[in-house]
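Welcome! Take a moment to look over the chain before we walk through it together.

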Amino acid sequence: MIRFAAAGLLAVLVAACAGIGSAPGSVERLYVIDCGENHVKDLSRWTTAADAGKPAVFSDNCYLVKHARGWMLWDSGNPDRLAALPNGLAAPNGILTAFMKKPLAESLKEIGVAPGEIQHFAMSHSHGDHSGNANLFGASTVYMQQPEYDAVFGAEPQKYGFLASNFENLKGSKTVKLNGDYDVFGDGSVIIKSTPGHTPGHQSLFVRLPKSPPVLLSGDLCHLQANWDAMRAPSFNFDPQQSVESMKAMDAFLRRTGARLWINHDFAQSSTLPKAPLYVE
Ligand SMILES: [Zn+2]
């Protein structure tokens with residue numbers, strides 16, 4: 001009986017070690033790519049009345065995962081064509097000016113990967129500062145939550161703040177429509193997390209790194225550290241209450257996994273991250 005128990009324990013230990021050894025090894029690198037900036041006129045739109053009239057700069061990153069079995073791009077930033085506009089492009093509603101200093105296509109070239117070599121492409125959601133260069137990745141397999149897909153390719157994308165022309169080249173792409181979480185490489189190293197609220201099918205990305213603690217790439221789950229700390233969502237979100245529920249679920253997920261939250265638009269936090277062609281392991 002004791003020998004049986006000991007053998008059983010050994011099997012468990014071997015399985016556990018195999019798990020530890022294989023999962024972290026499958027992602028090799030994570031690149032944080034500067035994909036523009038949004039200069040907002042009145043921060044209170046995103047936070048509280050206390051910030052009325054305060055201008056702010058939002059970072060805007062893309063993230064490239066190098067997995068042993070291929071590349072995955074997460075978000076595609078502001079449109080590359082804005083790089084030709086040194087004064088940026090003001091949004092039609094005047095709430096912000098969008099900038100793109102270095103085109104995504106150029107950053108990918110520096111890293112040494114062509115858009116056509118990126119097999120997996122997903123966006124946190126479909127707003128213009130995340131889908132600006134989506135048309136470069138029509139050859140990739142695209143991962144979208146079903147409600148987001150329906151909003152983008154439905155009759156009224158503008159109702160959700162989406163620009164249909166940003167998705168022209170994705171119409172014929174191989175698309176995996178999701179209704180919840182999805183393990184992209186099947187080994188637990190890169191997991192799309194369903195975090196609806198900001199948009200109907202918003203999602204975040206969990207990445208298990210080989211030499212550092214795992215990270216959760218926020219998308220617009222929250223825009224700023226201050227909003228995360230206060231567990232609050234902007235009133236203009238598609239469903240602010242659902243946003244807060246998604247934030248709470250991810251808070252529990254971070255505690256469970258020991259992952260750090262990388263908040264895409266938080267300029268102060270973003271400034272601390274090494275930018276491509278540097279990478280994190
Ligand atoms: Zn955004």
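Let us begin with strand 11, where Q203, L205 and V207 point one way while S204 and F206 point the other way, and all of them are buried. Keep in mind that this is a predicted model. In a regular strand, side chains alternate between the two faces of the sheet. Because five of the five residues of strand 11 are buried, the strand is largely enclosed by the rest of the structure.

Strand 11 runs antiparallel to strand 10, joined to it by five bridges, and I191 stands opposite F206. Strand 11 also runs antiparallel to strand 12, through three bridges; here the bridge partner of F206 is L216. Moving on from L216, its bridge partner in strand 13 is L261. Strand 12 and strand 13 pair in the parallel sense.

| Strand pair | Direction | Bridges |
|---|---|---|
| Strand 10 and strand 11 | antiparallel | five |
| Strand 11 and strand 12 | antiparallel | three |
| Strand 12 and strand 13 | parallel | three |
| Strand 7 and strand 8 | parallel | four |

**A helix against this sheet**

Helix 6 (residues 240-257) has 18 residues and reaches 25 Å from its first C-alpha to its last, close to the 26 Å expected at 1.5 Å a residue. Its buried residues are S243, S246, M247 and M250. Seen down the axis of helix 6, these buried residues fall within an arc of 105°, so they line one face of the helix. An α-helix has 3.6 residues a turn, so residues three or four places apart point the same way.

What do the buried residues of helix 6 pack against? Their neighbours are strand 10 (190-194), strand 11 (203-207), strand 12 (215-217) and helix 5 (225-230). On the face turned away from the buried side, helix 6 carries the exposed residues Q241, K248, A252, R255 and R256. Just after helix 6 comes G258, with a positive phi of about 75°.

Eight strands form another open sheet, ordered 4-5-1-2-3-6-7-8, and its pairing is mixed. Its edge strands are strand 4 (89-90) and strand 8 (175-178), each pairing on one side only. Strand 7 (residues 141-145) pairs with strand 8 in the parallel sense, and Y143 has V176 in strand 8 as its bridge partner.

Helix 2 (residues 104-111) packs on this sheet, touching strand 1 and strand 2 (56-67), and its direction makes about 155° with that of strand 1. Helix 4 (residues 146-153) packs on the sheet too, touching strand 7 and strand 8, with its direction at about 100° to that of strand 7.

In soluble globular proteins, nonpolar side chains tend to be buried together. Here the largest nonpolar core has 58 residues, and those with the most contacts inside it are I33, Y63, V65, L73, W74 and V207. Strand 1 (residues 27-40) gives the most to this core, with seven residues.

Which residues does V65 touch, not counting those up to four places away in sequence? They are V27, L30, W71, M72, W74, V190 and V207. With V207 we are back at strand 11, where V207 points the same way as Q203 and L205.

How values were computed. Residues numbered from 1 in each chain as written. Predicted model: local features only at pLDDT ≥ 70, side-chain atom pairs only at ≥ 80, totals over all residues. Core = buried A, V, L, I, M, F, W, Y, C linked by C-beta atoms within 7 Å. Buried ≥ 20, exposed ≤ 12 C-beta atoms within 10 Å, placed from the backbone. Helix = DSSP H or I, 4+ residues; strand = E, 2+ residues; numbered from the N terminus. Contact = placed C-beta atoms within 7 Å. Expected span 1.5 Å × (residues − 1). Arc of directions from axis to C-beta. Pairing = 2+ DSSP bridges. Axes fitted to C-alpha atoms, helices over the stretch in contact; angles between N-to-C directions.
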